[in-house]
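Dear colleague,

I am passing on the structure below, and would be glad if you kept it open while reading the notes that come after it.

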There are 2 protein chains.
Amino acid sequence: MPTSPPRFAPRGDHDAIETGTDFAPKFDADGLIVAIAADATTGEVLMVAHMNEEALARTIATRSAWFFSRSRKKLWRKGEESGNTLSVTEIRVDCDQDAILLKVDIAGDAVACHQGYRSCFYRTVPVGAEAKPSLKLSFDREMRRIASGKKD
Amino acid sequence: MPTSPPRFAPRGDHDAIETGTDFAPKFDADGLIVAIAADATTGEVLMVAHMNEEALARTIATRSAWFFSRSRKKLWRKGEESGNTLSVTEIRVDCDQDAILLKVDIAGDAVACHQGYRSCFYRTVPVGAEAKPSLKLSFDREMRRIASGKKD
């Protein structure tokens, strides 16, 4: 397999990674990095997915969010099927450069989740009690289901 | 080793996981799930870390954020050393239940990142150009460094 030229800086020492300006994202053993998409206007967390090097490079170059699907094992441009593409206004990286934060505007009907909600985080977990299998999630009643039958 | 009683519901079928009310978080091969902490007031993403079953159970029960450090291989109560504990006002789970979102209030000097910034995402990645090793990160000038020498 031909080797492609490197697209990111090599991982330097701890200080360089955390306090420097080289972009040296850390991909895990599977070649993936976690990426969070948050609404550019409200800051609301919309979804969490993974990127490989190619997805991150495409997202940087095209300003449209690309991910790598672990279940389908393929690159995936968010919204390709549903029309709910994510237009990236800003990309941030965290201190140790093992997580990516995208600020995005959602195209289409503003649905980031394939379940038809604005955000994938449409259910809450009860807090303040012992964790046990009978705990029940609650649906966020203010987050109505806008669409159904979406594929991505 | 004695087996502890289960603390979460078993993973059901796809529909049950995504549209039901059983809390059946998916831990990866290392027994971890990704957890995002966002400011309860502003919605700003502050940090990303991992939880094992015990960290998630403790967070639910105590309303204080616990994580599992992959580098130190131990449970870790955020703010234990720095005083910047995260008081959890809400916990959410995403559609396929493989990511946790915490809404938090930060105690102490409101610094979530061990580098002394409000958020770990204090640097931006340039967008709209080809990804190459010479890309340089920019520091968010509005996110001033509040503290230094913090340990967690």
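What follows describes the chain, the sheets, the core and the contact between the copies.

This is a predicted model, in which local features need pLDDT of at least 70 and side-chain atom pairs count only at pLDDT 80 or more, while totals for chains, interfaces and linings use all residues. Residues are numbered from 1 along each chain as its sequence is written, and chains are lettered from A and ligands numbered from 1 in the order in which they are written.

To begin with chain A, there are two helices and eight strands in it, where helices (H or I, at least four residues) and strands (E, at least two) are DSSP runs numbered from the N terminus. Read from the N terminus on, these elements follow the order α-β-β-α-β-β-β-β-β-β. The C-alpha trace of chain A spans about 45 × 40 × 30 Å along its principal axes. Of the 152 residues in chain A, 38% are buried; a residue counts as buried if 20 or more other C-beta atoms lie within 10 Å of its own, as exposed if 12 or fewer do, and as partly exposed in between, with C-beta atoms placed from the backbone. Among the contacts in chain A between residues at least 6 apart in sequence, 46% join residues at least 24 apart, a contact being a pair of residues whose C-beta atoms, placed from the backbone, lie within 7 Å.

One open sheet of six strands has mixed pairing and the order E2(A)-E1(A)-E6(A)-E5(A)-E7(B)-E8(B), where two strands pair if DSSP finds at least two bridges between them. Its edge strands, each pairing on one side only, are E2 (45-51) of chain A and E8 (138-139) of chain B. Within this sheet, E1 (residues 33-39) of chain A is joined to E2(A) by six bridges and the two run antiparallel; Ile33(A) stands opposite Met51(A), and Val34(A) has His50(A) as its bridge partner. E1(A) and E2(A) form a hairpin with five residues between them, and in the turn Gly43(A) has a positive phi of about 85 degrees. E2(A) is mostly covered, seven of its seven residues being buried. Helix H2 (residues 53-62) of chain A lies across E1, E2, E5 (86-93) and E6 (99-106) of chain A together with E7 (123-125) of chain B, and runs at about 125 degrees to E2(A); the axes behind that angle are lines fitted to C-alpha atoms, for helices over the stretch in contact, and angles run from 0 to 180 degrees between N-to-C directions.

A further open sheet of six strands, also with mixed pairing, has the order E8(A)-E7(A)-E5(B)-E6(B)-E1(B)-E2(B). Here E7(A) is joined to E5 (residues 86-93) of chain B by three bridges, running antiparallel, and Thr124(A) stands opposite Arg92(B). E5(B) is in turn joined to E6 (residues 99-106) of chain B by seven bridges, again antiparallel, with Ile100(B) as the bridge partner of Val93(B).

How are the two chains related? Chain A can be laid on chain B with an RMSD of 0.0 Å by a turn of 180 degrees and a shift of 0.0 Å along the axis, which is the relation of a two-fold axis; copies are superposed by least squares on the C-alpha atoms of residues with pLDDT of at least 70 in both. Of the residues of chain A, Gly43(A) comes closest to the rotation axis, at 2.7 Å (C-alpha).

As for the contact itself, 47 residues of chain A touch 47 residues of chain B. E5(A) gives the most to the side of chain A that touches chain B, with five residues. The residues on that side divide into 29 nonpolar, seven polar and eleven charged, where Ala, Val, Leu, Ile, Met, Phe, Trp, Tyr, Cys and Pro count as nonpolar, Asp, Glu, Lys and Arg as charged, and the others, Gly among them, as polar.

The largest nonpolar core has 84 residues, of which Ile36(A), Ala37(A), Leu102(A), Ile36(B), Ala37(B) and Leu102(B) touch the most other members; such a core is a set of buried Ala, Val, Leu, Ile, Met, Phe, Trp, Tyr and Cys residues joined through C-beta atoms within 7 Å. Not counting residues up to four places away in sequence, Ile36(B) touches several residues, including Ile36(A), Val45(A) and Val48(A).

Lastly, Pro133(B) is found in the loop between E7 and E8 of chain B, and is partly exposed, with 13 other C-beta atoms within 10 Å. Leaving aside its neighbours within four places in sequence, Pro133(B) is in contact with Pro6(A), Arg7(A), Phe8(A) and Ala9(A).

With best regards

Terms used
Contact = placed C-beta atoms within 7 Å.
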